[in-house]
Amino acid sequence: MRDVGNIEINRRKLLQFAGAATAVSLASPVVLRKTARASDQQITVLNTFPTLANEYWQGWDAGAKRAAEQLGIKYMSQTFDDSVDKQIAQIEQAPSLGVNAVVTFAQNAEVIKALCATASQVGVKIANAHSTAAWLAPTDPTFKDAYMLYSQPDNIRGIAAMAQALFDKIGNKGKVLYAAGMPGNFSADTRAAGVKLALKNNPDIELVAEQPAGENRVAARPVVENLLTAHPDVAAIISYNDDTAIAVLDVLRERGLSGQILTAGNDATREMLTRMKDDPSALGTVSINAPFMTGYSLVTLFDALNGVTYDPLERMRYFDSLFLDSPDAAAKYLSLMDNSGGFAFDFKSMSRHLNGDNWKIQWGMEVIDPSQFWSGIDSMQSSKPANWALPEDVAASLKAGNVENLNKMFKDHAAAGPLSEVAQNTKAGKTVLGF
């Protein structure tokens, strides 16, 4: 370890200690720390994510960029190419770029502790989506108010809705497969829990095989081929994401099985939405709306930097999703998507700083109850620390009944948005969270 004054950064140690919610000693190149932002200082937000060579992350970038333009703040984006070291380094170096806040996607669940410890030490705020460490609340005092927001879609309800649609289409009986995500990944584990919930509600559906399929079509293809060879009499295949679903559709077409076996995916990519219009095996896909997720994360950081305070429970939120289950819904969704993969959300109207009590949200959300969040996932129960307890402020908010109060507040501040008409074109007629 190399001494650089009051701040020491050793990434290897940082990652080793990522499993402990304790203060972390940091070092490597000299790290700058931002002082408190002056009232007239330009807000600059950095969005750091895995790659732009992927449609999901293109929409992720587009949503944050739109929000920054509407809020009149400076925006920059960087990719970390699936490198944890590079992701940490980008936050270390943020102050040298004038950055006040960072939007990110934790490359794996445990690294969020290192990212937030780094953000805390260099003096920037951070919002993270999709993957967070088990039994870790953002208000953990370790992070000194740096971790402003963790968000994710409610994968359990979203995937359960998708699986239920598949089951309904095959008459609620028969054999099915699940081409799954990678075990140990929180998104994969929660989506698997959604499949499990749908199976529980459909006792005449038999899951004959479940296997990780690598989460991309190249890795998924041989898995799907082997599963179908072993189980040729299935009626449906539940796909972890759209790339997996595309692999399924391609294999079905090559085997002359299009229309005989159904599948559905998750992510609402252009390719999957297009396949829904002309492939009889493509039942649907879940939109988890990356442009809103990242854009609203940026709004949250903007408001926090301008003095808006949040209830401790608001620091963990489910953002809505929508199961697109018909060619008409898919076509409407595609027609509203711009060339960059974004949608015409009015992020400025969502700011509490700019609008006072008249702020509006155009996509549903709920707070996550951290006392229940991890306990419902089998893989997480065994990792619960023996002495685990909620931070005092979170426990007090729960005791005050603020899960219900805050969710009512979100409903009261809901407004029609660019995807409202799409929701009306689905069989459910509403989003997964009921907005």
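The entries below start with the overall fold and end with some loop residues.

**Entry 1: the whole chain**

I noted at the outset that this is a predicted model. Counting elements, I got 17 helices and 13 strands. Next I looked up the dimensions: the C-alpha trace spans about 65 × 45 × 45 Å along its principal axes. How does the radius of gyration compare with that of a compact globule? For 435 residues the rule gives a value near 22 Å, and the chain has 22 Å, so the two agree.

I then checked burial and found that buried residues make up 56% of the 435 in the chain. For contacts with a separation of 6 or more, I found that 76% join residues 24 or more positions apart. The exposed surface comes to about 17,300 Å², with 48% of it supplied by carbon and sulfur atoms. I also looked at charge: there are 40 positive and 47 negative ones, and their mean positions are 2 Å apart.

In soluble globular proteins, nonpolar side chains tend to be buried together. With that in mind I went looking for the cores. The largest nonpolar core has 88 residues, and the members that touch the most others are Trp60, Leu166, Leu273, Phe292, Leu298 and Tyr333. Which helix gives the most to this core? I found that helix H10, residues 290-305, does, with 10 residues. Apart from this core lies another one of 36 residues, including Phe143, Tyr147, Ala193 and Tyr318.

Leaving out residues up to four places away in sequence, Leu298 touches Val45, Ala64, Ala67, Ala68, Leu71, Ile73, Tyr75 and Val103.

**Entry 2: either side of H10**

Asn289 sits in the loop between strand E10 (282-287) and H10. Is Asn289 buried or exposed? Its relative accessibility is 3%, so I put it down as buried; the cut-off is under 20%. Beyond its sequence neighbours up to four places away, Asn289 touches Phe343, Phe345, Trp363 and Leu419.

Then I went to Leu313, in the loop between H10 and strand E11 (316-319). At 1% relative accessibility, Leu313 is buried. I wrote down the contacts of Leu313, skipping residues up to four places away: Val367, Ile368, Pro370, Val394, Ser397, Leu398, Asn402, Val403 and Leu406. I also checked Leu313 against Gly376, which is 63 residues away in sequence, and got 18 Å between the C-alpha atoms.

**Entry 3: Met337**

Met337 is in the loop between helix H11 (327-336) and helix H12 (352-355). Its relative accessibility is 12%, so Met337 counts as buried. What does Met337 touch, not counting residues up to four places away in sequence? I listed Glu55, Ala268, Arg270, Leu273, Gly342 and Phe343. For a C-alpha distance I took Pro418: Met337 and Pro418 are 81 residues apart in sequence and 9.4 Å apart in space.

**Entry 4: Ala109**

I found Ala109 in the loop between strand E3 (101-104) and helix H4 (111-122). With a relative accessible area of 19%, Ala109 is buried, given a cut-off of under 20%. Aside from residues up to four places away, Ala109 touches Ser131, Thr132 and Ala133. His130 is 21 residues from Ala109 in sequence, with 8.8 Å from C-alpha to C-alpha.

The phi of Trp135 is near 65°, a positive value in a residue other than glycine. Asp145 is found in the loop between E4 and E5 too, and it has a positive phi of about 70° without being a glycine.

Methods. Residues are numbered from 1 along each chain as its sequence is written. This is a predicted model: local features need pLDDT of at least 70, side-chain atom pairs count only at pLDDT 80 or more; totals for chains, interfaces and linings use all residues. Side-chain values use heavy atoms; hydrogens and water are left out. Helices (H or I, at least four residues) and strands (E, at least two) are DSSP runs, numbered from the N terminus. The radius of gyration is taken over C-alpha atoms; the globule rule is 2.2 Å times the number of residues to the power 0.38. Buried means under 20% relative accessible area, exposed over 50%, partly exposed in between (1.4 Å probe, protein chains only). Contact means heavy atoms within 4.5 Å. Accessible areas come from the Shrake-Rupley method with a 1.4 Å probe; for residues, only the protein chains shown count as cover. Lys and Arg count as positive and Asp and Glu as negative; His and the chain ends are not counted. The place of a charge is taken as NZ of Lys, CZ of Arg, CG of Asp or CD of Glu. A nonpolar core is a set of buried Ala, Val, Leu, Ile, Met, Phe, Trp, Tyr and Cys residues joined through side-chain atoms within 4.5 Å.
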